[in-house]
Amino acid sequence: MTTSQNTEKKRSGVFGKILAWLLIIVFLAVGGLVYYRYYFVFGEGVKSGYLNFAVKKGNLFKTYEGKLIQEGLRTQTGSGVSSNEFEFSVESDSIFRILELNSGKYFDLHYKEYHGVLPWRGNTRYIVDEVINMK
């Protein structure tokens, strides 16, 4: 084996290692971004108000959606006054059943807020995970 063949083998081995490390770094970076965007809980809290509706809808993924009308008024951009509305999604069948059977009642709902929307999780960034109180 000549020296030129040895150096060529070493170069291709180094290039392969660099490429492998770059692919690993890119894969980890993309995985971290996907986690942060769709699975990292950005915020959580409680919203209170009268349940306007709770429905199951969707073309491909059937998800549970709802709307809470909060007390108080807010002004929209421009003229006019409207109520505060909180649109949310629900992952749990049992929580949806409670909401579905008690539309129009006053609820305190605990929710989690995500940065992005996943089609199988719901149509909103807000996911209700607990009914705290119902009146």
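1. Let me start with Lys67, which counts as buried at 13% relative accessibility (buried means under 20% relative accessible area, exposed over 50%, and partly exposed in between, with a 1.4 Å probe and protein chains only). The side chain of Lys67 meets that of Glu87 in a salt bridge, at 3.7 Å from N to O; the term stands for a side-chain nitrogen of Lys or Arg within 4 Å of a carboxyl oxygen of Asp or Glu. Glu87, at 41% relative accessibility, is partly exposed. Lys67 also belongs to a network of salt bridges with Glu85 and Glu87.

2. A word on what you are looking at: this is a predicted model, in which local features need pLDDT of at least 70 and side-chain atom pairs count only at pLDDT 80 or more, while totals for chains, interfaces and linings use all residues. Residues are numbered from 1 along each chain as its sequence is written, and side-chain values use heavy atoms, with hydrogens and water left out.

3. Now the overall layout. The chain has two helices and five strands, arranged along the sequence as α-β-β-β-α-β-β. Helices (H or I, at least four residues) and strands (E, at least two) are DSSP runs, numbered from the N terminus. Of the 135 residues, 27% count as buried. The chain exposes about 9,400 Å², and carbon and sulfur atoms supply 58% of that; accessible areas come from the Shrake-Rupley method with a 1.4 Å probe, and for residues only the protein chains shown count as cover. Among contacts (heavy atoms within 4.5 Å) between residues at least 6 apart in sequence, 56% join residues at least 24 apart.

4. Please have a look at helix 1, residues 3–38. UniProt, in an unreviewed entry, lists residues 18–38 as "transmembrane region"; its positions are given in the numbering used here, feature names are shortened, and annotations may be inferred rather than shown by experiment. In the model this span is 100% helix and 0% strand, with its end C-alpha atoms 30 Å apart.

5. Which element gives the most to the nonpolar patch? Helix 1 does, with five residues. The patch lies on the surface and includes Val26, Val30, Tyr35, Phe61 and Trp120, and its members together have about 1,100 Å² of accessible area. Patches are made of residues with over 30% relative accessible area and no salt bridge, where like charges are joined within 9 Å and nonpolar side chains (Val, Leu, Ile, Met, Phe, Trp, Tyr) within 5 Å. Phe40, another member of the patch, sits in the loop between helix 1 and strand 1 (41–57) and is partly exposed, at 34% relative accessible area.

6. On to the interior. In soluble globular proteins, nonpolar side chains tend to be buried together. Here the largest nonpolar core has 14 residues, of which Leu51, Leu68, Phe88, Val90, Leu99, Leu109 and Val128 touch the most other members. Such a core is a set of buried Ala, Val, Leu, Ile, Met, Phe, Trp, Tyr and Cys residues joined through side-chain atoms within 4.5 Å. Two or more residues come from each of strand 1, strand 2 (63–75), strand 3 (81–90), helix 2 (93–101) and strand 4 (106–114). Leaving aside neighbours within four places in sequence, Val90 is in contact with Tyr64, Ile95, Phe96, Leu99 and Val128.

7. Lys112 is partly exposed at 26% relative accessibility, and so is Asp129 at 32%.

8. Finally, is Arg121 buried or exposed? Arg121, in the loop between strand 4 and strand 5, counts as buried at 5% relative accessibility. Not counting residues up to four places away in sequence, Arg121 touches Tyr38, Tyr39, Thr63, Ser89, Glu91, Tyr114, Gly116 and Ile127. Arg121 and Ser92 are 29 residues apart in sequence, and their C-alpha atoms are 10.0 Å apart in space.
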